[in-house]
Amino acid sequence: MLGRFRYGYVAPAALLVAGLLYAPFVWTAYLSLTRYDGLAPAEWVGPANFVKLLDDPVLLTSVRNTLIWVIGTMVLPVGLGLLVAVLSYDIKGGGWYRLPFMLPYALSGAGLALVWSPILSHDGVANNLLGVDTAFLQEAPHNTIAMLLVWTWQQLGVNTLLFVVGLQSIPKEPIEAARLDGASGWQLFRHIIWPLMRPLTAVVVGLALVASLKTFDIVWVLTQGGPGRNSETLAVTMYKETFVASDYGYGSAVAVVLTVVTGLASYLYLRRQVR
Amino acid sequence: MIRRAVLIVLGLIWLGPTYLLLVNASRPADSYDPSRAWAPPGDFSLVTNFLRALDSADLGASLGSTALYSVVSPALGVLVGALAGYTIVVLRLRHGFWWFLLIFGGTVFPAQMLLVPLFVGYSDAGLYDSRLGMILIYTAINVPLAAFVLRNFYTGVAFSIFEAARMDGASTFRIFWRIYLPLSTSALAAVFILEFTFIWNDLIFGLTLTQTAEVRPVMTALAGLMTDVYAGTPVPVGLAAGLVVSLPTVVLFLATQRLFARGLSLGSV
């Protein structure tokens, strides 16, 4: 009696997701076990692509860079974001103090590159300002770290915002009580505020973890993974193997690795949080 | 006092690149000099610079396409997702939780896992380099989050509202359209804003699935302009393009920070 069209109502969502997300997913998983150039039919090769991955120096570099991205993201955009949030959430005019950090967030990866490439270039602002002559985007792992700083410039704001929303919604009573008992500064933060904001921290760290594992845009627009493929991340390696080298099977294998790593990290992380 | 001092120092560092962007995007295209990048611009040439970028990189067509994608796809995605959430929660779809898992499960795949089949499949189906193809994939990507947020939202709505409307003889779709959808405006808006920003800033689907300037989203076109920044496009022109193209998301984000943050933290659980 409750609507004969119930399946009709859920169908558009199910079909879009199944057709454009699940089906490609399964197809990529299959392609990772084939040799395929996009033209000739895919040829089954079993796990050969994954065996090749194991001693591919490019993959090793890209795993290392991806790790730098993950760890760096936790320390810089997330850690510094927390600092700015804690410093500003309960002072008067906090929103104005946070505005400088909010502005860059709405820039896209491409916009980010337009802003920073003249700063980081050989005769650019950074070199002039520091009075040095560094090739920021040339040598590894400096280029990844330089891009990580650019990333921090952009991402700090959103993390701060999430932390502030959380900090302002935690109950006031325990904090007041602790203040009356003489707690302040670091002690107050460490023993009262930090435990109260833990669920929120879990969300912010989880988001940053997954996003950093999939780092693509900023690397693509600033260095395209170069020079000599030394700043590639897993996501960039996948793109290059597939659409630059036309090795669809191998590219798909990289995509599978990226998916497994992302899935595993999310799972381990969520499990720890839920417990 | 120390708190404010730390915030001000950090804030000034953060404003540095923003300042450079504004100043140098407004500088006459041919007067950019890296060693004098901090100096105020002589004449205000932001508009001239942007028009030059529009012209040389055919950004106008891309801007139009991106505007289309980032409005139509989130709108469709939010509707489709809300309808699914409504069906699962309010109409008590049989095995509703499994339907929900199926739909929400779509969020776990990284874009990289979709690119090859989308590229090959779109080429075969004639969807490669078409606006329809772009709208389809952008919509599909929005659906899981929309379904998730709206399912949660509708769980909190009293079931008696539905029963009363049924008593009055309203059809299930009418109840969705006239009652549940308007009730959930804030949740819909949170998801819409998040997805609008995501699509406006998307690079990778545009890179993989489009080719011509008319179809190509603006960020992909802008990334293409990047290579030209080294190869002759003056820095102020590139900066002006980046600045103007980012304005919609900057304004939207600053105007709706709270809603935006809510959408983000809703979508991540």
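In the predicted model, Gln224(A) is found in the loop that runs between α11 (217-222) and α12 (234-244) of chain A. Although Gln224(A) is not a glycine, its phi is positive, at about 55°. The surroundings of Gln224(A) comprise 18 C-beta neighbours inside 10 Å, so the residue counts as partly exposed. A further loop of chain A, the one between α12 and α13 (248-274), holds Ser246(A), a residue other than glycine whose phi is likewise positive, near 55°. Ser246(A) has 13 C-beta neighbours inside 10 Å and therefore counts as partly exposed.

Turning to chain A as a whole, the secondary structure consists of 13 helices and two strands, and the C-alpha trace spans about 75 × 75 × 30 Å along its principal axes. Chain A has 275 residues, of which 45% count as buried. When contacts in chain A between residues at least 6 apart in sequence are considered, 67% of them join residues that are at least 24 apart. An unreviewed UniProt entry lists residues 63-269 of chain A as "domain: ABC transmembrane type-1".

Within chain A, helix α8 (residues 172-180) packs with helix α9 (residues 185-196) at an angle of about 170°, and the two axes are 10 Å apart. Because of this angle, α8(A) is roughly antiparallel to α9(A). On the side of α8(A), the contact involves Pro174(A), Ile175(A), Ala178(A) and Arg179(A), which meet Leu188(A), Ile192(A), Ile193(A) and Leu196(A) of α9(A). By class, the residues of this contact between α8(A) and α9(A) comprise seven nonpolar and one charged, with no polar residue.

Chain A also forms an interface with chain B, in which 73 residues of chain A are in contact with 73 residues of chain B. Helix α1 (residues 6-31) of chain A supplies the largest share of the side of chain A that touches chain B, namely 17 residues. The composition of that side of chain A is 52 nonpolar, 17 polar and four charged residues.

For chain B, an unreviewed UniProt entry lists residues 67-91, 98-120, 132-154, 175-200 and 235-255 under "transmembrane region". One of these spans, residues 98-120 of chain B, is 70% helix and 0% strand, with its end C-alpha atoms 30 Å apart. Residues 235-255 of chain B, in turn, are 100% helix and 0% strand, and the C-alpha atoms at the ends of this span are 29 Å apart.

Helix α12 (residues 235-255) of chain B packs against helix α1 (residues 2-25) of chain B, their axes coming within 8 Å and crossing at roughly 115°. The two helices α1(B) and α12(B) are therefore roughly perpendicular to each other, and their crossing is left-handed. From α1(B), the residues Leu21(B), Asn24(B) and Ala25(B) take part in the contact, while α12(B) contributes Val235(B), Pro236(B), Leu239(B), Ala240(B) and Leu243(B). The contact of α1(B) with α12(B) accordingly divides by class into seven nonpolar residues, one polar residue and no charged residue.

Ala25(B) lies in helix α1 of chain B and counts as buried because 24 C-beta neighbours are found inside 10 Å. Apart from neighbours within four places in sequence, Ala25(B) is in contact with Leu46(B) and Asn49(B), as well as with Pro236(B), Leu239(B), Ala240(B) and Leu243(B). Ala25(B) and Leu194(B), which are 169 residues apart along the chain, have C-alpha atoms separated by 27 Å.

Elsewhere in chain B, Gly156(B) occupies the loop between α6 (131-155) and α7 (159-167). Gly156(B) has 10 C-beta neighbours inside 10 Å and so counts as exposed. The C-alpha atom of Gly156(B) is separated by 9.8 Å from that of Val89(B), a residue 67 positions away along the chain.

Key. Residues are numbered from 1 along each chain as its sequence is written. Chains are lettered from A and ligands numbered from 1 in the order in which they are written. This is a predicted model: local features need pLDDT of at least 70, side-chain atom pairs count only at pLDDT 80 or more; totals for chains, interfaces and linings use all residues. UniProt positions are given in the numbering used here, feature names are shortened, and annotations may be inferred rather than shown by experiment. Two residues are in contact if their C-beta atoms, placed from the backbone, lie within 7 Å. Helices (H or I, at least four residues) and strands (E, at least two) are DSSP runs, numbered from the N terminus. Ala, Val, Leu, Ile, Met, Phe, Trp, Tyr, Cys and Pro count as nonpolar, Asp, Glu, Lys and Arg as charged, and the others, Gly among them, as polar. Axes are lines fitted to C-alpha atoms, for helices over the stretch in contact, and angles run from 0 to 180 degrees between N-to-C directions. Angles under 35 degrees count as roughly parallel, over 145 as roughly antiparallel, 65 to 115 as roughly perpendicular and the rest as oblique. A residue is buried if 20 or more other C-beta atoms lie within 10 Å of its own, exposed if 12 or fewer, and partly exposed in between; C-beta atoms are placed from the backbone. A crossing is left-handed if the near helix is turned anticlockwise from the far one by less than a right angle, and right-handed if clockwise.
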